[in-house]
Amino acid sequence: SLQARWRDLEPEQLSASFRLGEGSLTESLLGAQRAHYEWDSLALDYLGGAAQGRLWGQLTRNGEAQLAIDLSMPAALNGALSGGFEVSKFELGELQPLVSAVNRLGGTAEGSIRMGGTVSDPEIKGALMLRDGEFSIAGNPTQVEAMSLLVDFQGDHADISGGLVVGDGSS
């Protein structure tokens, strides 16, 4: 649903709500390959006015919230940001057939990010982790495997650590 109000040709408030119940997305690819992605529910909402807006929602799969967002955003560059998002047991491999430039994609993403500060000077805290990651790009024989990455957000910078195997070696 979408609702909006104006006063003297100026937007006063915008409200939007998007809901999907249980469903799936299936794409036929060349040959016998098929991409198939299922979800229990998907909800995304927005409520905003001239000064500030809020976006929130979640994707639920297999009875668990796998992606969630709740973010308040000001219209002005010096306005306060607040909120964040969470990723829980998100399997990247299920998206691989939907990304044509990638021959192989895998791994599990998890983490939580909190945002503060202002639009012009954001402060981001939290961590995102990738476990058992792997990928290869179409037309490139090099494969990346056993990827383990941690991106640790420290407010004004992020520290990245981890390891991976590239081709026959490691890094």
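1. A word on residue classes to begin with: Ala, Val, Leu, Ile, Met, Phe, Trp, Tyr, Cys and Pro count as nonpolar, Asp, Glu, Lys and Arg as charged, and the others, Gly among them, as polar. With those classes, the lining of the largest pocket has 11 nonpolar residues, two polar ones and one charged one.

2. Some background before you look around. This is a predicted model, in which local features need pLDDT of at least 70 and side-chain atom pairs count only at pLDDT 80 or more, while totals for chains, interfaces and linings use all residues. Residues are numbered from 1 along each chain as its sequence is written, and side-chain values use heavy atoms, with hydrogens and water left out.

3. Now the overall build. The protein has zero helices and 12 strands; both are DSSP runs numbered from the N terminus, helices being H or I of at least four residues and strands E of at least two. The C-alpha trace spans about 65 × 40 × 30 Å along its principal axes. The radius of gyration is 20 Å, whereas a compact globule of 171 residues would have one near 16 Å; the radius is taken over C-alpha atoms, and the globule rule is 2.2 Å times the number of residues to the power 0.38.

4. Two totals are handy here. Buried residues make up 21% of the 171 residues, where buried means under 20% relative accessible area, exposed over 50%, and partly exposed in between (1.4 Å probe, protein chains only). Of the contacts with a separation of 6 or more, 35% are between residues 24 or more positions apart; contact means heavy atoms within 4.5 Å.

5. Back to the largest pocket, which has a volume of about 180 Å³. On a 1 Å grid over the protein atoms alone, a pocket is an open set of points with protein on both sides within 12 Å along at least five of seven lines, unlike a cavity, where a 1.4 Å probe fits but cannot get out; lining residues have an atom within 4 Å of a point. Grid points are joined across faces, edges and corners, and the volume is the space filled by probe spheres set on the points. There are 14 lining residues, and Leu42, Gln58, Leu59, Leu67 and Ala68 lie nearest the centre. At least two lining residues come from each of β4 (34–39), β5 (41–49), β6 (52–61), β7 (64–74) and β8 (82–91).

6. Is Arg61 buried or exposed? Arg61 counts as buried because its relative accessibility is 7%. This residue lies in strand β6, and its side chain makes a polar contact with the side chain of Gln66 at 3.4 Å. A polar contact is a pair of N or O atoms within 3.5 Å; within protein, one must be able to donate a hydrogen and the other to accept it, and residues adjacent in sequence count only if both atoms are side-chain atoms. Leaving aside neighbours within four places in sequence, Arg61 is in contact with Tyr37, Glu38, Trp39, Asp40, Gln66 and Glu94.

7. Ser72, in strand β7, is buried because its relative accessible area is 13%. Beyond its neighbours within four places in sequence, Ser72 is in contact with Gln52, Gly53, Arg54, Ala80, Leu81 and Ser82.

8. Glu86 lies in strand β8 and counts as partly exposed because its relative accessibility is 45%. Gly111 sits in strand β9 (residues 102–117) and counts as buried because its relative accessibility is 15%. Setting aside neighbours within four places in sequence, Glu86 is in contact with Gln66, Leu67, Ala68, Gly111 and Ser112, while Gly111 is in contact with Phe85, Glu86, Val87, Ala127 and Leu128.

9. Asp132, in strand β10 (residues 122–137), has a positive phi of about 55° although it is not a glycine, and it counts as exposed because its relative accessibility is 63%. Ala146, in strand β11 (residues 143–155), has a positive phi of about 50° and is not a glycine either; Ala146 is exposed, with a relative accessible area of 52%.

10. Lastly, where is Asn140 found? Asn140 is in the loop between β10 and β11 and counts as partly exposed at 38% relative accessibility. Asn140 and Asn103 are 37 residues apart in sequence and 9.3 Å apart in space, C-alpha to C-alpha.
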